Structures are given as structure tokens and as C-alpha cells.
Amino acid sequence: MGFRIKVTTMNQNPLASLKIFPLSKHQTSSLATYPIQNPHANLNREAIPANVSPRSPQKSHLVPSNNMTQETKTSHFSKQSTPFAQPDLSHVIYSNKIITNYIRAGDFDSALKVFENMTVRTTVTWNSILAGYSKKPGKMKEACELFDRIPEPDTVSYNIMLACYLQNTDLDTARVFFDKMPVKDTASWNTMISGFAQNGKMGEARKLFLVMPKKNSVSWSAVISGYVECGDLDSAVELFEVAPEKSVVAWTAMITGYMKFGKIGLAEKMFQEMPVKNLVTWNAMVAGYVENDCSEDGLKLFRKMVGVGIRPNPSSLSSALLGCSNLSALHLGKQIHQLVLKSPLYRDTTAGTSLISMYCKCGGLEDGMRLFHEIPKKDVVTWNAMISGYAQHGACERALHLFNKMRDEGMKPDWITFVAVLLACNHAGLVDLGLQYFDSMVRDYGVEAKPDHYTCMVDLLGRAGRLVQAVDLIKKMTFKPHAAIFGTLLGACRIHKNLELAEYAAKSLLDIDSASAAAYVQLANVYAAKSRWDHVARIRRLMKENNVVKMPGYSWIEVKNVVHEFRSGDRVHPELAFIHEKLKELEKKMKLAGYVPDLEFALHDVGEEQKEQLLLWHSEKLAIAFGLIKVPLGNPIRVFKNLRVCGDCHRAIKYISAIERREIIVRDTTRFHHFKGGVCTCGDYW
């Protein structure tokens, strides 16, 4: 009779814990020999023997040769071939490391082949494969079957199965398994607590945390992070202050929490005081700045991070590039692109997608398109970024063509895809086609309509003058309308000077947000367009009484890595005299070419001459004049505005582009306008 050899490892020398079990004759005949390797070898790509590929292990290392002599077969255990002789475990340890390397590389099938061809397996071997199953969603059945086959599962085996239950089943099932575990270590408790915390069950997580026999820094970090994630910052602070061990995870969680609640000063203090920082900590600070409209601070910190030698990951790049997008800092975005090209991230899908989004939002549509075609592996976010880019630039046909290509290549669109598609239809005025996509989204793709979809549809119908249909759509919504819905309707009422529906939209908006400056300003604009100056004065008086402050309109332009900001009627820019001189020169040329100022957009009850002066000094005109002075010929002038471009400025910029023979790109809150030769890509529909 042969013997079945089982090795268990409990933090000791594996040779000291051999367990021997009888093998059947069939099992004895299937024993294989393996080349003996140094068990402590560094199994990176260079250390693997030349005849073993880390991606395609050769069968000769995994299966017995049919030509082996009896001496070769028995020499694997000992030269004397006694049944109780200790085997050399080098090949087992080597195979375990190969399995681990495959699983880390995401090649589970190859790991499974190595496992299936092993004749001697340790508990570490079983646990490695079990961990592989736990990382693959939908493999719960296979994981359970494998777990049941483990001869003597250890605590690690149970912990892996617990993690598998948490990832693939409900919390109650995982808790039942946890309660039945014969032995629990600190990792077992941490896994269960983290499961509750990550699913927002902080009451259950805290109960388990309080009865936990021995806590470590991971335990404290899990609960602190859970409170931050569910928005209970006070409980997180309370726990952090009494924690005897504060890991970098706990410190970082607190920074994330403070940034989440807009407490930038406290986050900065925490960042400065923490003893050890890791990449995630830096990322939390950069992302926090960007999310709190402090993109300039975020980009400064990103530069510092790179300067001290911290290598950014896709998350770092996403935040930094979003900051570039917010500031329209195209030059810095290109520098980050160069950084990506020199790093291992140059083929990373997330990094590439962030770059596409940055280029599109900074006016570099063609650069974004080239990058899109270069990305070898695109996910749905990549497709969405490019479709959205086309939509924002008014390239409706290209956006819809790319959407069709996305479907043809088998990529399933999500709700963000349809926001981009509806936006494309909106900017092109394709009302009926937009309605078809809206209906198809739910019917054919099972995508539930969200507030963003309804906002697009209200804008699509409203700008086309179908205001009553837009109101009917709002009334049919299955959830309570949000502020943006009525803000969008109010904007459409202003375009079509529909006072009755404007008052309805403004009242509805103020019912949701009594401090909404947009409601007052847009309604006042409708009254001004109707020359109802008494009503304009009443609205402004109400704003003052209710302490509602209008967001000032401003535009900015990047010249030689410096962002120059202009407000309407700006009086602080150091080169204002040259800018005014350039605008006076342009005004004369435009009027000779047929330009007539549209005084409807001078929303003040003053004389015509003063209205013309107010229009001439609008922020976008100031920025463009500065660009004409500073940006070299042959380069497009890129201007960005925090509000929608006004009708008079739009008309004036068309004239300027023809007179100066320059390409001018303006991004407002809704889209990009590309002016060239007296024509805008929006076709005067925006």
C-alpha cells in the first residue's frame, strides 16, 4: 500500500508537520516528480528557469513523464524509498509560488492547471486556489466545493471562505458562517467587521467591534473608515481620538471624511500631523481639494507629491486631470500626459480615460479622439468619455456614430452613456431622435431614467420651444423633481420669453431651494427682456432681503502656463488699458462689417450708449481681446466661462473670428463653441 502525504503549515517549518495518509494503488501510480528548486528563490520573471514561462508553464514541470524509471519515481521521497521517509518539499513550495504569481496576475486558469497537476499539496496550496475563487464574482459554488475538499482547513481557509461569503452572498449568511467557525483569529473578526462596515451596517459593525476579544490597528481602521463612508463623521472622530493604535489607513480615512464635509482646514491639519503618509493619503488630499473647488491647491499638492518621489497611480492622475479640466489648464494636462507616457501607466485604461476626459474638457477634442483610438482595451467609461466629449463640442453625428459602434462591439451602454447621447441630440436640436433614445433607453436596454436624463429631455424640449411638453414630462416623473429640472425649464422660458411658465418654474425652484440665485436672476432676465423694469427691481429687492447673492460671471484664459481671469467690467487686470484699446478697435471693425449690439442682453435700465459699453466689457470679450494680444498666430484662443455665453457675445465672437482670422474656442456651462471664419459649430442653437 502507498501513502498519501499531507502537509499542514501553522507558522512553523513545513518539514516538521508532515502528516501521512494511505493512498490507493491508483493514487500511488499517479505520483509525479518535480525538478528541485530553491524554496527561497525570488520567483520574479528573471528568477524563473528559462524553460518555464510565467504565463504558459510547460507540462514537463507539472505532469509525470511516461518514460520515468522506477528509481526516478521513488527518488523523489528518498533513495531508500521507505514509506515513512520525508519528501523534499521544494517542488511543493515552488508550485505554490507559481500559483500565487498566476493569481496575482489575474490568470486563474493557469493557476488551476498547476494545482490540478500537483500530487502533493499543502494547506497553503488549497488556500491559494480558494483565494483565487474568492476574487472571482459568481464562483461561490466552486469555492464551497473546494473548501469541502480541503483535508484539514486552517484558520486562513475559514477566513478566505468568510470573505467569499461577504462578496457573493448576503450579510446574514456570512454572519452564520462566522458564528460557526471553529477557530477565529483577529483577521476573522476584522473581516466580518469590515463586511458590515462596507455595507453601511455600522450598528452591527460596532457591536461586533465592542465584543472582539483582541483588537489591532486594522480593527480600529475598519470601523473608523466605515463611519466616514456612511457619513457619520462625529462617530469617526470620537473613535479616532480614543484609538490606541492609529494606522495610516485611519489617518487617511479621517482626511477623506473632513474633505467630504468641506472641512479643508482640519484635513490639512491632519495631513501635516500624521507620522506616515502613503500614496492613498496624498490621493485623498488631492481629490479632496478638487472636489471642494480648490483645484489649484490640488494641483500644487500633486506637483509636490511627484517632486518628493511618490509615483502616482490611476486614482492620482484622475484627480489631477479633473483639476486641470476644472481650471482648463491644458498645458499642465499635457505635462501630466507626458508623465503617464514615461510610466507603466501608459497602457492603463483608467489613466487613458482620464486623459481623454481632460483633453475634451479643455478644448482639445482631436487630441482626445487620437488617444481614444490608441487605448488597446476600452471599458464603458472610456466610451462614455469620448461620446460625452463629442456631445460637449456639438459633434452630434460623431457622438451618435460612436454610440452605434460601441453597441456593435458588444459594449453595453449604462446610464451615463445615455446622458451623453441625449446631450448630443440636445445640442443639435434633434428633438424627435432624442425622444426615441429616451424611450429606447428603458425599453431596450433596461436603463432606469435618472434625474440627469430628465434634465436633458427638459432642456431638449424647452430649447426647441416645446415648453408645454417639457412641463408635462416633469409632471410624469416617477420621483420628485430636483432643482436642476426647474432651473433648466426657467432657462428655456427666458429664451422664448414665456413669462407665465417662467414664473411657474421660478416658484417651483424656490420651493426646493429658497436660496437659489438662479431662480431670481433668470426670472429677472425674463422681466428685463420684456422691459418690465419694475418687476426687475422687485426681484433684486427680494434678493437683497433674503441675502441671496448672484454668482458673478467671469471668464478665464491660459497664456504661457498662467491663468488670467476676467469679470464683466473688470478693473483689476494689469493690462486692462491694452485690452480696452483692442476692444475699441474691434468694435469699429465689427460695426463696419454689420455688427449691431443686441441691447436685450444688457440687463440694466440705463441708456443705450451705456448698455453698449456694458456689453463690450463682458468677461468673455475681455478674455478674447487679451488672447488676441498674447496668443501667437496659428494657435487657437481658448476661453472658458462659468455661465452660459450671452447672445450678444456669441454674435460678436463670430465677427471677431472672421475679422482677425483666428480660431476661437469658448466653453460655457453647457457646451463648447468653435468659432472660425464667422461661423460657430453650434449653428446658433445653444
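Which residue lies over the face of phenylalanine 115? In this predicted model, in which local features need pLDDT of at least 70, side-chain atom pairs count only at pLDDT 80 or more and totals for chains, interfaces and linings use all residues, that residue is arginine 121, at 4.2 Å from the ring centre. Residues are numbered from 1 along each chain as its sequence is written, and side-chain values use heavy atoms, with hydrogens and water left out.

A charge is taken to sit over a ring if NZ of Lys or CZ of Arg is within 6 Å of the ring centre and within 35 degrees of the ring normal. Lysine 277 likewise has its charged end over the ring of phenylalanine 271, 4.9 Å from the centre.

Rings of Phe, Tyr and Trp (its six-membered ring) pair if their centres lie within 6.5 Å, with planes under 30 degrees apart counted as stacked, over 60 as edge-to-face and the rest as tilted. The count by this rule is 21 aromatic pairs. Tyrosine 454 and phenylalanine 479 form an edge-to-face pair, with 5.6 Å between centres and 85° between planes. Because tyrosine 454 belongs to helix 25 (residues 451–463) and phenylalanine 479 to the loop between helix 26 (467–475) and helix 27 (483–495), the pair ties together parts 25 residues apart in sequence. Helices are DSSP runs (H or I, at least four residues), numbered from the N terminus. Tyrosine 454 is buried, at 9% relative accessible area, whereas phenylalanine 479 is partly exposed, at 25%; buried means under 20%, exposed over 50% and partly exposed in between (1.4 Å probe, protein chains only).

One aromatic cluster is formed by Phe147, Tyr158, Tyr165 and Phe177.

Conventions: Helices (H or I, at least four residues) and strands (E, at least two) are DSSP runs, numbered from the N terminus.
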